[in-house]
Amino acid sequence: MDRTQLLLVGLPLFLFCSDIIQLFAPPPPKPAPHRHPSDSRPLIQQQPPPLEFPIQVQKDGGIGYGNTVSIDFCSSCSYRGTAVTMKNMLESQFPGMHVVLANYPPPLPKRLLSKVVPIVQFGAIGIIVAGEQIFPRLGFAAPPQWYYSMRANRFGSMASIWLLGNFLQSFLQSSGAFEVYCNGELVFSKLKESRFPGEIELKDLVGRRIANSRVMGAL
């Protein structure tokens, strides 16, 4: 291995070992309080007053009491800010309503492929770094021609593999969903509408659903 390969392998190992040592190292001792030599009185530690938190009174008579809204969104698509905005709006418009935020995962095949991408990434980088020792063990008399092309510009090839793998993994982990459920029933689906709901639109949809549930409960 040349100096460049030693640097690529040794630097991550050094950082990893330093993190492990800092994790298990005992905390530094606290310095003792400074006391004047003439002061012979025992040191009395003053305890801070207990913190007082305001008590939040739950209003059982709120218009949204007893109703639950679930917002399932794609967390890898940066939809959390929109979900939090909708949550705050619903809680203010329907006091007493319970709004739950959750991640909407992609389909199972995409999740499985996203787990395979990092393995392919490290395997391809390992072949570029040590392909001359790997191919003979796989039964090849000599490495293929594409290996020498990637070996000629190995740093550019490794960077391209790393960026392409990260982009592909991000695509496979995203679902693009923003699904809103009220009491277990779907009231809005971004997967079907191909857009986000407006605040007034979502308020009306949830309000109609609450009114219908009250009518059905009264019958």
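The legends below describe several close-up views of a predicted model.

Residues are numbered from 1 along each chain as its sequence is written, and side-chain values rest on heavy atoms, with hydrogens and water left out. Because the model is predicted, local features need pLDDT of at least 70 and side-chain atom pairs count only at pLDDT 80 or more, whereas totals for chains, interfaces and linings use all residues.

**View 1. Overall course of the chain, with 7 helices and 4 strands.** Helices (H or I, at least four residues) and strands (E, at least two) are DSSP runs numbered from the N terminus. Read from the N terminus on, the elements follow the order α-β-α-β-α-α-α-β-β-α-α. Of the 219 residues in the chain, 23% are buried, where buried means under 20% relative accessible area, exposed means over 50%, and partly exposed lies in between (1.4 Å probe, protein chains only).

**View 2. The open sheet of 4 strands, in the order β2-β1-β3-β4.** The pairing in this sheet is mixed, two strands being taken as paired if DSSP finds at least two bridges between them. Strands β2 (98-103) and β4 (185-189) stand at the edges with a single partner strand each, so one side of each has no neighbour in the sheet. From one strand to the next, the twist averages 20°, with axes taken as lines fitted to C-alpha atoms (for helices over the stretch in contact) and angles running from 0 to 180 degrees between N-to-C directions.

**View 3. The parallel pair of β1 and β2 and the crossover that joins them.** Strand β1 (residues 68-73) pairs with β2 in the parallel sense over 6 bridges. Thr68 has His98 in β2 as its bridge partner, and Phe73 stands opposite Asn103 in β2.

**View 4. The aromatic cluster of Phe135, Phe140, Trp146, Tyr147 and Tyr148.** The structure holds 7 aromatic pairs, with rings of Phe, Tyr and Trp (its six-membered ring) counted as paired if their centres lie within 6.5 Å, and with planes under 30 degrees apart classed as stacked, over 60 as edge-to-face and the rest as tilted. The ring centres of Phe135 and Tyr147 are 5.6 Å apart and their planes stand at 65°, so this pair is edge-to-face. Phe135 belongs to helix α3 (residues 108-137) and Tyr147 to helix α4 (residues 145-152), so the pair ties together parts 12 residues apart in sequence. Phe135 counts as buried at 6% relative accessibility, and Tyr147 is likewise buried, with a relative accessible area of 1%.

**View 5. The edge-to-face pair of Phe178 and Phe196.** The two rings are 5.3 Å apart centre to centre, with 70° between the planes. This pair links distant parts of the chain, 18 residues apart, with Phe178 in strand β3 (residues 178-182) and Phe196 in the loop between α6 (190-193) and α7 (199-218). Phe178 counts as buried at 0% relative accessibility, whereas Phe196 is partly exposed, with a relative accessible area of 32%. The charged end of Lys190 sits over the ring of Phe196, 5.3 Å from its centre, a description that requires NZ of Lys or CZ of Arg to be within 6 Å of the ring centre and within 35 degrees of the ring normal.

**View 6. The largest nonpolar core, with 20 residues.** Such a core is a set of buried Ala, Val, Leu, Ile, Met, Phe, Trp, Tyr and Cys residues joined through side-chain atoms within 4.5 Å. The residues with the most contacts inside this core are Val69, Ile71, Leu90, Met97, Phe178, Val180 and Val206. Two or more residues are given to the core by each of β1, α2, β3, β4 and α7, and the largest share, 4 residues, comes from α2.

**View 7. Cys182 in strand β3.** Cys182 counts as buried, at 0% relative accessibility.

Note on methods
Right-handed = clockwise from strand over helix to strand, strands pointing away.
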